Amino acid sequence: MSTLFRGEVRSPDFPAGLDWINSDHPLHISDFKKRILILHFWTFCCINCQHCLAQLRELEDAFPNELSIVSIHSPKFPREKFTESVRDAVLRYGIRHPVVNDRGMHLWRQYAVHAWPSLVFIDPESRVITRHEGEINPEEGKKLLAEMIEEFDRTGQLDHQPLHFAHTNTVQSLLAFPGKLAIDAETDRIVISDSAHHRLVETDLRGHVRQVIGSGAAGHVDGSYTEARFFRPQGVALRGEQIYVADTENHLIRHVDLARQTVETVAGLGGQTGMVATPSSGLAREVAISSPWDLALHEERLYIAMAGTHQLYVLYLDRDGLEVFAGTGHEGLLDGLRHDAWFAQPGGLSIGNERVLYIADSETSSVRAINLAGPPQVRTLVGTGLFDFGDIDGSGHDVQLQHVQAVCALNGLVYLADTYNNRIKVLNPEIREVRTIAGTGEAGFRDGPAAQAQFNEPGGLATASGKLYVADTNNHAIRVVDLDTRMVETLKIEVI
């Protein structure tokens, strides 16, 4: 009789006192007896963990009666230790299985985990079978699980009964975790990526909704506004009657024609780089991409923050070509020639009047820059490395940010969404000085004087008429910072 999947080590139980999400009571390893259990160690900032969530969802759907998953949230950043922050991430990413907040990294140490994401497979008798570091190919995962099920069925260890858990409530507001936004003051237009509603919302600068682009159902469908489907879109770039969309979880770039009211796919295959074998450059519809997070338009080039591969790409709009613009794909912080540089989950882009591309390099909590008109060099303005973060204003290497996700260039300055510090800051790139202009640092929802205002993980920025518009992601709101009066107000989004 085969014993290929027989575990030898008893799986440690979940300790008492931890906060659970998607379960109305604390769980134990024994609750999953007679099932295969995968413990998914993750942290919500990590793009590879986000990929793994999507991959695990395929396994859950394939084996609902034999497989259970528990995601163990083991934080990297201080902001990620708060249960409410984890709960927001569970809602944002549509996680259906139980999640436990391992804020003190207790389970991380018990299971000797060393990397995000990591998977620990546990057999129906609560023994550890094996572990896997990194993402998982869903098809290979299904094959492995089918083999496990076959073996455990031979020994009568599975009962093939589904388990059900209480789910965290969904967001009821008009916007759900808005990620990014773009503004055209001349046409009185704001375009918001309503990410968790899988659609775009167009308003005027007063917040009156003009139209909704996308059906609101997750998926990949081109066509009319009511037919089209997106999957947690993020970055949007706006020029005249054209919108380009980073359709993040579809791993696609989409194009919206406002005049014709249509949506079409212009880049990507819909499969993630690494899971689909394609060249890294070529015709845009023949190259697989991975979690595009933000976009910036310059002339006939669309620059793409490709968070999933830790690179920047460029889409040539005049010839339908797509290629890597900067970054080797190695995760880290390294300056130099753009094709030799390292990035770490770039999440925000903006182009200044001086033709400099600014990059919010989220996982290194840094701001990088590339001069589009000069030598092809990547330089770091602030930030020092993957595990260097904090909330310190100042100059140069003294500055510390925490998972900055958005940049917005205006009049020689660069405004920053210092996302996990819940603040809006401004960078003078000439002297590399950063100072806070809005936000107390505590997560909350408060308008008024900028120094007293509160945000909750702001993730997108755009500017018009002396005002900074903020996609205040976890508050499901668009906030407006008046750069002259330093007052903050919430844009009232309403259908009229």
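Reply: Just after helix H4, glycine 156 adopts a positive phi of about 65°. This is a predicted model, in which local features need pLDDT of at least 70, side-chain atom pairs count only at pLDDT 80 or more, and totals for chains, interfaces and linings use all residues. Residues are numbered from 1 along each chain as its sequence is written, and side-chain values use heavy atoms, with hydrogens and water left out.

Me: How many residues does H4 have?

Reply: Helices are DSSP runs of H or I with at least four residues, and strands are runs of E with at least two, numbered from the N terminus. H4 (residues 138-154) has 17 residues.

Me: Which residues of H4 are buried, and why do they line one face of the helix?

Reply: An α-helix has 3.6 residues a turn, so residues three or four places apart point the same way. Buried means under 20% relative accessible area, exposed over 50%, and partly exposed in between (1.4 Å probe, protein chains only). In H4, Pro138, Gly141, Leu145, Met148, Ile149, Glu151 and Phe152 are buried. Seen down the axis of H4, these buried residues fall within an arc of 165° (taken from the directions from the helix axis to the C-beta atoms), so they line one face. The face turned away from the buried side carries the exposed residues Glu139, Glu140 and Lys143.

Me: What is the order of the strands in the open sheet of five strands?

Reply: Strands of a sheet pair through backbone hydrogen bonds, either parallel or antiparallel. Two strands pair if DSSP finds at least two bridges between them. Here the order is S22-S26-S25-S24-S23, with antiparallel pairing. Strands S22 (336-337) and S23 (346-351) are the edge strands, each pairing on one side only.

Technical notes
The expected span of a helix is 1.5 Å times one less than its number of residues.
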